Amino acid sequence: CTGAIFTGLCPGQDYCCVPETQRAENRGTFIRSERLDKIVRAVSVPRRQLSARTEALWPYINEALAGMDGLSCHCAAAFLAVIAAETDRFRLFEEKGSTAYFEGKAYGHRWKGRGAIHITWEANYKSASDVLGYDYVANPELLAFPAHAFKVSVHWWNKYNLAAQCA
């Protein structure tokens, strides 16, 4: 691994590498890693692990925020609050559950929640594919990786015009 290794960050693994090749584009800084670290500090993981996690994720979050319609401080704060809750403080980017659990869900195992805002249902995967240019329908697991998780979540945020609720 030439990138950073994280516990519980990637789907289906106890740990994973976030490779250098998945580095986010730098289109401006909407939030500094130190501020992101303070926002999620309440998480019950050792301070050292939290700092490493937020340090690795903030470039992806900033890249995604660059695509947010109506970006403001209030919207960025609301978005961060939602994604921190959805991912259990940036630990889970994929809905967890047994096969039996997903058999009971209308959307099923293939379209389980993935991303920083857990996107479900094939239609939502298709919508993200159409807008972002990746085939998430054929490769739904991509949504669970940081390089895609935040962009797809901002797409969902934009699609439902949640910026209008931030004023």
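A word on the source: the model is predicted, with local features needing pLDDT of at least 70 and side-chain atom pairs counted only at pLDDT 80 or more, while totals for chains, interfaces and linings use all residues. Residues are numbered from 1 along each chain as its sequence is written, and side-chain values use heavy atoms, with hydrogens and water left out.

Let's start with the whole protein. You are looking at six helices and two strands, where helices (H or I, at least four residues) and strands (E, at least two) are DSSP runs numbered from the N terminus. Along the sequence the order is β-β-α-α-α-α-α-α. Of the 167 residues, 43% count as buried; buried means under 20% relative accessible area, exposed over 50%, and partly exposed in between, with a 1.4 Å probe and protein chains only. The accessible surface is about 8,600 Å², and 52% of that belongs to carbon and sulfur atoms. Those areas come from the Shrake-Rupley method with a 1.4 Å probe, and for residues only the protein chains shown count as cover. As for contacts (heavy atoms within 4.5 Å), residues 24 or more positions apart make up 56% of those with a separation of 6 or more.

Now to helix α6. This helix has 14 residues and reaches 20 Å from its first C-alpha to its last, close to the 20 Å expected at 1.5 Å a residue. The expected span here is 1.5 Å times one less than the number of residues. How much of α6 is covered? Eleven of its 14 residues are buried, among them P146, F150, V154 and W157. S153 is another residue of α6, and S153 is buried with a relative accessible area of 0%. Which residues does S153 touch? Leaving aside residues up to four places away in sequence, S153 touches F79, G115, A116 and I117.

The structure holds one cavity of 30 Å³ or more, and the largest cavity has a volume of about 30 Å³. By cavity I mean a set of points, on a 1 Å grid over the protein atoms alone, where a 1.4 Å probe fits but cannot get out; lining residues have an atom within 4 Å of a point. Grid points are joined across faces, edges and corners, and the volume is the space filled by probe spheres set on the points. Who lines this cavity? The residues are I119, N124, A128, V152, H155, W156 and K159. Two elements give two or more residues each to that lining, α5 (122-132) and α6 (146-159). Of these, α6 gives the most, with four residues. The lining divides into four nonpolar, two polar and one charged.

Last, some backbone angles. Most residues other than glycine have a negative phi. F90, though not a glycine, has a positive phi of about 70°. F90 is found in the loop between α3 (73-86) and α4 (99-103), and at 1% relative accessibility F90 counts as buried. N161 is not a glycine either, and has a positive phi of about 50°.

Key. 1 Å grid on protein atoms, 1.4 Å probe; cavity = no way out; pocket = protein on both sides within 12 Å on 5 of 7 lines; lining within 4 Å. Nonpolar A, V, L, I, M, F, W, Y, C, P; charged D, E, K, R; others polar.
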